[in-house]
Amino acid sequence: MIRYSKISLLAVLILSLLVSCTKSEEDFNPQSLRDLKGHTLAVLDGSYQYAYVKNYDEEYGFSVSVYQSLPDCYMAVASGMADAVMLSDLNACNINPSLGLKICAVLEEVFTEFGFIVQKGNTELLEELNSFITEIKASGELDEIYRRWVDKVTGDYHDCVRVDPIPANSNPTGNVLVVGNAGVEPPASVLLDNQWTGFEIEMVTRFAEHNGYQIQMQTYSFHNLIPSLQYGKIDIGASTFIISEERKQKVDFTQPTGSAHSVLVIKDKESNKEASFFQSIKKSINTSLIAESRWKLILQGLWVTVVVTFAALVFGTILGSGICWMRMNRRRSFQRFAKFYQYVLRNTPILVFLMIMYYVIFANSSLSPISVAILAFSLNSSAFMSEIFRTGIMSVDNGQREAGRGIGCTKFQTFRYIILPQAIKSIVPVYKNESVTLLKGTAIVGYISIIDLTKGSDLIRSATFEAFFPLIVITVVYFILATIMTKGIDRLLLPNKRH
Amino acid sequence: MIEITNLSKTYYNNGQPLEVLKGIDCTINKGEIVSIIGPSGTGKSTFLRCINRLDEPTGGQIIFDGENILDPKVDINRVRRKMGIVFQSFNLFEHFTILENVTFGPIKVLGMKKAEAEERAMELLRTVGMAEKANVYPSSLSGGQKQRVAIARCLSMEPKCILFDEPTSALDPTMVGEVLSVIRQLASMGMTMLIVTHEMKFAHDVSTRILFMYGGGIYEDGTPQQIFEHPQKPETIAFIQRIRTLHYDLNTTNSDLYAINTDIDKFCLKYGVERQKFTLQLIFEELMFNILKDYRPISVDISFSELDYSLSMKVLVKGATSSVLNDADELSLSIIKGKSKEVKETVTDEGLLIEIK
């Protein structure tokens, strides 16, 4: 198995290199949306730009690709999947030169203002925020914050200043404010050196300090932030939310904290990759893992992934055995319940199920996101496990059961000593399959603000703009985890290999 | 030892009741060796499996050792320890070695010490001649060897009686002997046994009593001499003499002679009398399409007895009241008479019966 994993690892590496290879390019330098005719434009899901370009794509004849995070947008342009990305100049000002992207046009007509969002009707918090913003605007503190994070004056968007992370301010006695952010939008909010930082983070931190709150950060996909706010999972949404009429119907905005234009970013043909393969790998390792101790994020995510997978596997197995027992029970009502259970859980996409559990069923509970994830994955995998167990048990010839009962064994003894040991042989291979599926399936827990292996790599990608390397790192980690897990199951369930 | 009263079993297939056992009464005494014989599908195996409740009877009572084992309060597992069963398909525990197969029951069910159980198991394996295979797995054994181990496994529980459910039916003919001789050995030791079998010679030689089952009940019950040498009832006679029959109803004069000839071909091939197939086909054709061509309906039975290898044909001409052979075409009649031993004609209530041997 080790040998196979080496080979497959190599295949993944080669594939990713092929993807990152440059395609033949034409001369492409759009100055407005009109120039995009026949091209593909990448936008961030749920963003203002997305809503804006949807009014023009048919008229101007370009197609729109929607991505879940800014790094995905950059990666799409860098790899040629999309020809340009449209985003706010605030975000674009921090594009890493090593990505080989450049800003080709500033769309002055797409001028927007942004602010924080709070749940509709939470006027108390809204007023506190508004008066704080008025105060820092008057005192010049807001301008100072911007000057430190964003250097727009020169028009040189590449040279953004990164200051040291703001110290974590805490008022140990204050009420907890949960701040939701997308976590991948420098310079507004980003994870640097395992610290949440950025100008919006600084603003809310200063606000908390000023008004005597404690701050707790949670990270969601951008398009999930408004729902999280609506369902009460977070108190403040901080992700440079552009103020629009459509959004105002769902949430309440503070007064604007800043403004932005939109820009178009395309691939920079001048930036040739002169570095050799090994040099660029070395550089990638350095920026993705070593610099600012980013490997800690991978390690932390690994731990979360392991905990969620292991717990869901254990509970899923126990629950699955119970459902299997009911399914094979003589009582019709038990059979019917088990069938219904399997029918519902097997046919619900796990992502939808996870979101329903988190945002609807446990919306108002104090259960931690990790507990909700464990519960959702346990329930989901138990439906599959129960069928795996059932087919395994049914694969044992009925004569074996009769022989057991024939010499006077009880039902339980027959099951324990005769049926189970034989069923396990056909269960284990499929069971391993299901556990690996479960392991990889946990990659979606990022949707409910858990930083697992995949989300960890996303955060690194957004902080470093390394498109592929963190993904390859976690692929290797998943490989290793899956290998350990399948080996462990073999060792645990097939104690002595015979025949 | 076993007293069975009015035992019945009905299966329900999509709500359609199918009565397999129709109120069986029977007493088996200690030390008896009872063989249960009869045609397929007459409930022999079901009867046997109902006795230790592997199949749940739907009515009646079974007294075993003075206790009604159909009482729901009875611990059937305790009963089964005293009443072993040997299956047609052996059902050895595939994940255990031969030795473990034989020690499993004593250790887990009877609570015996491992060393003691192994010692006794080896002794039993020696009895059935399987001691040298003690540490191999069942998958490497032949059918006959598996069945001998299954008998040893059954004996390991020290049962008071053993039920054999067609113990040799899944075996190659070459392996039947080794299993039967083990059962013979048990018989000589005085074990009470009920054996469902198709081995007539074995049943004749080893049994103290034969039950002939037919149509879900015990049709005839007696000593091997009574049943095999002087059977009383017609179905028993047909079974014992192993008479096979091919039946036809000819209702019009347009019957497909070629199809019937093909059937006669198959029938003769099946019972190894191919040399006589042309004779049969010739007689059939002359009779049906010459002599009796104006008579319909006719029902025909072609019978073959496996015991004395004799073929016979019974023709019932429905509605005919007088002899037809006397007015028959001379040539056809002489062909039929020349090809057969005996031609007999009788007038019955239903019509004219012609018997040709």
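The model is predicted: local features need pLDDT of at least 70, side-chain atom pairs count only at pLDDT 80 or more, and totals for chains, interfaces and linings use all residues. Residues are numbered from 1 along each chain as its sequence is written, chains are lettered from A and ligands numbered from 1 in the order in which they are written, and side-chain values use heavy atoms, with hydrogens and water left out.

Chain A is divided into domain 1 (112-259) and domain 2 (295-493). These bounds come from an automatic or database domain assignment. The C-alpha centres of the two domains lie 38 Å apart. In contact (heavy atoms within 4.5 Å) are 17 residues of domain 1 and 18 residues of domain 2. The area buried between these domains is about 1500 Å². Carbon and sulfur atoms give 58% of that area. Buried area is the accessible area (1.4 Å probe) that two parts lose on being put together, summed over both.

The count of salt bridges between the two domains is 0. A salt bridge is a side-chain nitrogen of Lys or Arg within 4 Å of a carboxyl oxygen of Asp or Glu. On the side of domain 1 that touches domain 2, the elements giving two or more residues are β7 (189-192), β9 (213-219) and α9 (222-230) of chain A. Helices (H or I, at least four residues) and strands (E, at least two) are DSSP runs, numbered from the N terminus. The largest share, 3 residues, comes from α9(A).

Chain B also meets chain A. Here 23 residues of chain B are in contact with 20 residues of chain A. The two chains bury about 1900 Å² between them, 56% of it on carbon and sulfur atoms. Across this interface the rule finds 1 salt bridge. The side chains of A:Glu402 and B:Arg49 meet in a salt bridge, at 2.4 Å from N to O. On the side of chain B that touches chain A, α2 (76-82), β6 (83-86) and α3 (98-109) of chain B each supply at least two residues.
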